[in-house]
Amino acid sequence: DEEGDDGGRAKRQKTEESTLRERELAHIRSDDWHFGAVEVFSSGQERTLVASFTAMSLDTPWLCISCLDSETSRLVHGLLKDEYDLAEFPHVRQDLELAEEVTDGIDAPGDFRLEALTGSSTEDSSKASVTTLFSLYLKADSSRSKDKVVSKALCSYQNGEMNSVGPTLELVETAKDWRRHGLGGALMRGINSFYCERFGAFRGRVLFSVCHVTNFRAGR
């Protein structure tokens, strides 16, 4: 009868969706990691995109995993933590600790703070769109009502020039009036501490590279 047919179709659809999810997860966990891109949708009548997996290189098993909410992030972390070394980059502003070894060498007056902001383009969900902007601020005081950016750097996570993946310096700049005061060096030491903390649990070496240089060794 019609009721039986509807029940049978719903059961088959649920089984097919479950099998598809199992196949996708097995594919991600397998050694065949250069699979291109996989999109993960929530179950239910209205399927909503909740995560995407993109292979970042055909030579190195790195994945860019984008989760659209914290619940999905926790789920993905639990599913893949035994097969992959995972580093998390929340898409929020983060005030980073400026340890003494980071600020050592600054000879400019005032107090400073370092901020990191990771994000991606809303129009481009590809691996190339994920970046982290680091901003070194001179804190406000009696002569300034707002913090002032004095040095900044932009990092991506893929170096197309050298066919490598990992933190990649795309841009670094210090305000003209604040150059030769050790701020650029302090910024780079802060960035290094940021990535050492996030990739510290990785079993393999994480490469930090630089774009737009003509010398191979300098770029490494």
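Is Arg-144 buried, partly exposed or exposed, and at what relative accessibility? Arg-144 counts as partly exposed, because its relative accessibility is 23%, where buried means under 20% relative accessible area, exposed over 50% and partly exposed in between (1.4 Å probe, protein chains only).

## Basis

This is a predicted model, in which local features need pLDDT of at least 70 and side-chain atom pairs count only at pLDDT 80 or more, while totals for chains, interfaces and linings use all residues. Residues are numbered from 1 along each chain as its sequence is written, and side-chain values use heavy atoms, with hydrogens and water left out.

## Salt bridges

The count comes to six salt bridges, each a side-chain nitrogen of Lys or Arg within 4 Å of a carboxyl oxygen of Asp or Glu. One of them joins Arg-93 and Glu-115, at 2.8 Å from N to O. Arg-93 is in strand 4 and Glu-115 in strand 5 (residues 112-119), 22 residues apart; strands (E, at least two residues) and helices (H or I, at least four) are DSSP runs, numbered from the N terminus. Arg-93 is exposed at 57% relative accessibility, whereas Glu-115 is buried at 9%.

Asp-95 forms a salt bridge with Arg-113, with the closest N and O atoms 3.0 Å apart. Asp-95 lies in strand 4 and Arg-113 in strand 5, so this pair ties together parts 18 residues apart in sequence. Arg-144 pairs with Asp-141, the closest N and O atoms being 3.2 Å apart. Asp-141 is partly exposed, at 38% relative accessibility. Salt bridges with shared partners join Arg-93, Asp-95, Arg-113, Glu-115 and Asp-147 into one network.

## Aromatic pairs

The whole structure holds nine aromatic pairs, in which rings of Phe, Tyr and Trp (its six-membered ring) have centres within 6.5 Å; planes under 30 degrees apart count as stacked, over 60 as edge-to-face and the rest as tilted. The pair of Phe-89 and Tyr-157 is tilted, because the planes stand at 55°, with the ring centres 5.3 Å apart. Phe-89 lies in the loop between helix 2 (70-80) and strand 4 (93-96) and Tyr-157 in strand 7 (residues 148-159), so the pair ties together parts 68 residues apart in sequence. Tyr-157 is buried, with a relative accessible area of 8%.

Phe-89 also forms a tilted pair with Tyr-195, at 6.3 Å centre to centre and 50° between the planes. Tyr-195 is in helix 4 (residues 183-198), 106 residues from Phe-89, and is buried at 5% relative accessible area. One aromatic cluster takes in Phe-89, Phe-134, Tyr-157, Phe-194, Tyr-195 and Phe-199.
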